[in-house]
Amino acid sequence: MTMILEGVEDRPFIPTEYVVRLARTPWERAGYHALRHEVFCTEQHVFADDDRDAIDATSIPIIAACCMAGMPDRIVGAVRIHEAEPGVWRGSRLAVHEDHRRLGRIGAELIRMAVSTAHGLGARRFLAQVQEQNVLFFRRLHWKSLGALTLHGLPHHDMQADLSRYPAHGLDQTWLLRPQPRNRQVA
Ligand SMILES: CC(C)(COP(=O)(O)OP(=O)(O)OC[C@H]1O[C@@H](n2cnc3c(N)ncnc32)[C@H](O)[C@@H]1OP(=O)(O)O)[C@@H](O)C(=O)NCCC(=O)NCCS
């Protein structure tokens, strides 16, 4: 028995199911704001105490949750979208919990949900102000830079999504992701 369990206790739990969807319930919205606070205030210090702003009143929040036994268990991803002017939509506050980054393409799927949802709501352009260290990530997802700028004292790029790569949809929820961890050790 001891031999069978050897090493199992040290193996990290790695979720295999995620759901990405529009945040509608109080639990989803609370997790969405908690994650934003954790990433943009505590981790990145972009904001001192509170990252909320006037856009929160009109934006659509989107979350990623990891699932246990098929049920959303913890909010681990966030992004919001809003129509800044007729036909022009913007995404902001993209965040993935650090334990879930580069694991299951959660960030990429949040972007897909954000842009395709806006496209379905009539977006003719979709823009975001992207932190410099993430420009390559967005380029690989079919975004182009419109130029550099400084925001909150940090280097950013104004970027635009290629909408032809993000077909319009009106889905509330996209598929459950099943990441294939690259560093997983088999017991
Ligand atoms: C940026 C962020 C959202 C990316 O989320 P993520 O879930 O780790 O990204 P994904 O797993 O979907 O990445 C998809 C691919 O892009 C790569 N990638 C991820 N971040 C990258 C980066 N900054 N630069 C280049 N490539 C990157 C991944 O390795 C992966 O590559 P693969 O398809 O070859 O495996 C996440 O790192 C984060 O929350 N950072 C802190 C907050 C932040 O910077 N927000 C964005 C403000 S503009």
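Visitor: Among contacts in the protein between residues at least 6 apart in sequence, what share join residues at least 24 apart?
Guide: The model is a predicted one. Its secondary structure comprises 4 helices and 8 strands, arranged along the sequence as α-β-α-β-β-β-α-β-α-β-β-β. Among contacts between residues at least 6 apart in sequence, the share that join residues at least 24 apart is 61%.

Visitor: What percentage of the residues in the protein is buried?
Guide: A residue counts as buried when 20 or more other C-beta atoms lie within 10 Å of its own. The protein has 187 residues, and the buried part of them is 29%.

Visitor: Which element gives the most residues to the largest nonpolar core?
Guide: The largest nonpolar core has 36 residues, and Ile-62, Ile-63, Ala-64, Leu-110 and Ala-114 have the most contacts inside it. At least two residues each are supplied by strand 1 (18-22), helix 2, strand 2, strand 3, strand 4, helix 3, strand 5 and strand 7. With 7 residues, the element that gives the most to this core is helix 3.

Visitor: Which residues is Ala-64 in contact with, leaving aside its neighbours within four places in sequence?
Guide: Ala-64 is one of the residues with the most contacts inside the largest nonpolar core. In soluble globular proteins, nonpolar side chains tend to be buried together. Leaving aside neighbours within four places in sequence, the contacts of Ala-64 are Tyr-18, Val-20, Val-76, Gly-77, Ile-106, Glu-109 and Leu-110.

Visitor: How far apart are the end C-alpha atoms of helix 2?
Guide: Helix 2 covers residues 26-43, which is 18 residues.

Visitor: Which residues of helix 2 are buried, and which strands are included in what covers them?
Guide: An α-helix has 3.6 residues a turn, so residues three or four places apart point the same way. The buried residues in helix 2 are Gly-31, Tyr-32, Leu-35 and Arg-36. What covers them includes strand 2 (60-68), strand 3 (71-85) and strand 4 (88-96).

Visitor: Is Arg-80 buried or exposed?
Guide: Arg-80 lies in strand 3, and apart from neighbours within four places in sequence it is in contact with Ser-59, Ile-60, Pro-61, Ile-62, Ser-92 and Arg-93. The cut-off for burial is 20 or more other C-beta atoms within 10 Å. Because Arg-80 has 21 other C-beta atoms within 10 Å, this residue is buried.

Visitor: Which residues come nearest to the ligand?
Guide: The shell around the ligand divides into 9 nonpolar, 4 polar and 3 charged residues. Of the 16 residues around the ligand, those that come nearest are Val-96, Arg-101, Gly-107, Ala-108 and Phe-137. The elements that give two or more residues to this shell are strand 4, helix 3 (106-120), strand 5 (125-131) and helix 4 (135-140).

Visitor: How many bridges join strand 5 to strand 7?
Guide: Strand 5 and strand 7 (residues 154-161) run antiparallel. In this region Ala-128 stands opposite Met-159 of strand 7. The number of bridges that join strand 5 to strand 7 is 5.

Visitor: Which residue takes a positive phi in the hairpin of strand 6 and strand 7?
Guide: Strand 6 (residues 143-151) pairs with strand 7 in the antiparallel sense over 8 bridges, and Leu-149 stands opposite His-156 in strand 7. The hairpin has 2 residues between the strands. The residue with a positive phi, near 50°, is His-152.

Note on methods:
Residues numbered from 1 in each chain as written. Predicted model: local features only at pLDDT ≥ 70, side-chain atom pairs only at ≥ 80, totals over all residues. Expected span 1.5 Å × (residues − 1). Buried ≥ 20, exposed ≤ 12 C-beta atoms within 10 Å, placed from the backbone. Contact = placed C-beta atoms within 7 Å. Near = placed C-beta within 6 Å. Nonpolar A, V, L, I, M, F, W, Y, C, P; charged D, E, K, R; others polar. Pairing = 2+ DSSP bridges. Core = buried A, V, L, I, M, F, W, Y, C linked by C-beta atoms within 7 Å.
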